Amino acid sequence: MRTFGQTKQGAPLPVKYTSLHHPIVLARSARPSRAAGAATLAAMLVLSGCKTSSPSAEAPSTASTPAVHAAFPDGWGSKHRRPPTVEQHAMVVSNSNLASEAGAEILRKGGNAVDAAVATGFALEVTFPFAGNIGGGGFMVIRMANGEASAIDYRETAPLAATRDMYIERGKLTNKSTVGGLASGVPGSVAGMAAALAKYGTMSLHDVMQPAIKLASDGFIVDSATSRGLGASAHLISQFAGAAVFLPGGKPLPPGTLLRQPELAKTLRLIADKGPAAFYTGPIADEIVAQMKHDGGIISKQDLASYRPEWRTPIVGKYRGYTLYAMPPSSSGGVTTVEILNQLETWKSLPPFNSAAYKHLLAETFQRAFIDRNTKLGDPAFVTNPLDMLTDKAYARKLASTIQPDRATPSPSFAAAAEPMHTTHYSVVDASGNAVSTTTTLNSGFGSGVFVADAGFFMNDEMDDFAAQPGKPNQFGLVQGEINAIQPGKRMLSAMSPTIVLDRSGKLLLVVGAAGGPTIITGVTQVILNVIDQHMSLPDAMFAPRMHDQAWPDEIIYEKGGFSQSATDSLVAMGYKLHEVGGLTNVNAVMRGPDGRWVGVYEPRSNGGAVGY
């Protein structure tokens, strides 16, 4: 499934139900005159305190940033607003309240943020099978209270038997990169979480996995969001062994069902007792390979045995005196976020949140950064990533100098494809100030649909994030580049953007990340901007309407009711095509409040839980 929107409740929309994604297209031919648009936007920029000439490298504003109550367009209403969770010592925020509670339980027992993050990750496999996983991969950014920062890449890799054109038949791209055994990359979640725990945790793998094991063996009550998610993906799940667990009698588990998963509990106990070796070389590996053969996959025992997570140096960015730690490739998230912020920093201050001038600057900086993301980044083991150039302030000033105050910049005719929406993020802070930002995924909801029956978990369809047919549109009409072509052992490029932000004094301020394919990058960036530039509280920063521009398709995607009519008219006058959707991005965040307590907010457009003490 490739969609930009999602239902209000956060469940995925099946392909046939696309009402939220039908674009409201405002044609360029209907726009007011160019002169009128130029005068309007130039005036907006002047009134907002922004420059209307080419931006230069001026010092960032040092104005204080107390949180203010934000005003949003009248059409936005209060549909996504909810109170935050505020606690003195520690906080876990994820898309599952039960998984957040699992992490908080570890914190209360004296574990640190890494212990809690690993506990939360394994619990998400049990309670959020839509995206929580041990059959997928992810990224983790860690910043310890002593200032040490690290990043671990446990992205999936292409099997050794993978070939460049493995999804092409008779010259056309098939759906085998998204459905069935051939869609799965070698999973990295178990290895990655275990490696993070071994380096920075204080508790054993056995101990931090106990909450997840209990949830799998004793069961939990299925809520309405889980039931809806199963129903929306029933066509996929019904093709494989998971139907027996999640679609008994051919129907999704109804709300109120006690869901016990004994096969998964057995798998988790093996990992807890034997470590990741049980998954990569032991009995679980045997079960994965057997299921792969049954469902047409090519993952082998050699693939599993040779998998290794990679420790990487975080991307470090500076924005108006704040410091960001973010994920480097094979994630594009950190580089692209920093490139966007570096461009925006060339303006001394940004226009008001609701103004067309602000939306224009976001769209233009998003577009420029995504063009670089789509054409210059890939797995560092296979390509040379120009990180120094892309994160350089002078390079950002050069890009920003090409932004005109009165017109949209047309995108070139090439850009890389987006990844599906169905990821999950969790943020953790402990009482000592250690912080972990983790994003993990199966790619599509419930991954490839393949369910390892004897082990109790879904496999990913991450191979679809490669350029399955370089230089030609895929089944979603998107063109992908040679730099991300399939090669054995290669990591596919990701948009996941786990990020940690320090304030101007160097104190931990914000732990944030998101799900939502390419909208992850712009969603995380907008929450950061809402806090730093728009002076919003975290609840408002999360509640605020979002927009997205990824260069191709050449349009601004925005949430229904998120643009005022005057902003819409002005943007159309500038030459933008606007595409309205039901929802964008699924963000989970923790922020230090003005009183020093931790404020936890899970995605207002979805379900989840913020739990602390």
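**Arg312**

I looked up Arg312 and found its side chain joined to that of Asp153 by a polar contact of 3.0 Å. A polar contact is a pair of N or O atoms within 3.5 Å; within protein, one must be able to donate a hydrogen and the other to accept it, and residues adjacent in sequence count only if both atoms are side-chain atoms. This is a predicted model, where local features need pLDDT of at least 70, side-chain atom pairs count only at pLDDT 80 or more, and totals for chains, interfaces and linings use all residues. Residues are numbered from 1 along each chain as its sequence is written, and side-chain values use heavy atoms, with hydrogens and water left out.

Arg312 sits in strand β9 (residues 310–312). Helices (H or I, at least four residues) and strands (E, at least two) are DSSP runs, numbered from the N terminus. Is Arg312 buried or exposed? At 19% relative accessibility, Arg312 counts as buried. Buried means under 20% relative accessible area, exposed over 50%, partly exposed in between (1.4 Å probe, protein chains only). Leaving out residues up to four places away in sequence, I listed what Arg312 touches; among them are Ser150, Pro328, Asp379 and Arg491.

**Whole protein**

I noted 20 helices and 23 strands. Of the 613 residues, 64% are buried. I also checked contacts (heavy atoms within 4.5 Å). Of those between residues at least 6 apart in sequence, 75% join residues at least 24 apart.

Helix α4 (residues 189–200) reaches 16 Å from its first C-alpha to its last, close to the 16 Å expected. The expected span is 1.5 Å times one less than the number of residues. In α4, 10 of the 12 residues are buried, so the helix is largely enclosed by the rest of the structure. Met193, Leu197 and Tyr200 are among the buried ones.

Helix α10 (residues 262–274) has its end C-alpha atoms 18 Å apart, which agrees with the span for its 13 residues. Its buried residues are Leu264, Ala265, Thr267, Leu268, Ile271 and Ala272. Seen down the axis of α10, they fall within an arc of 160 degrees, so they line one face of the helix. The arc is that of the directions from the helix axis to the C-beta atoms. On the other side of α10, I found Pro262, Asp273 and Lys274 exposed. Gly275 follows α10 and has a positive phi, near 80 degrees.

**Strand β21**

How many residues of strand β21 (residues 586–592) are buried? I counted 7 of the 7, so β21 is largely enclosed by the rest of the structure. In a regular strand the side chains alternate between the two faces of the sheet. In β21, Asn586, Asn588, Val590 and Arg592 are buried on one side, and Val587, Ala589 and Met591 on the other.

Strand β17 (residues 508–515) pairs with β21 in the antiparallel sense over 6 bridges. Two strands pair if DSSP finds at least two bridges between them. Leu510 has Met591 as its bridge partner in β21. Strand β22 (residues 598–601) pairs with β21 in the antiparallel sense over 4 bridges. Val590 has Gly600 as its bridge partner in β22. β21 and β22 form a hairpin with 5 residues between them, and Gly596 in the turn has a positive phi of about 90 degrees.

**Met574**

I ended at Met574, in the loop between α20 (565–573) and β20 (578–581). At 1% relative accessibility, Met574 counts as buried. Met574 and Ala356 are 218 residues apart in sequence, yet 9.8 Å apart in space, C-alpha to C-alpha.
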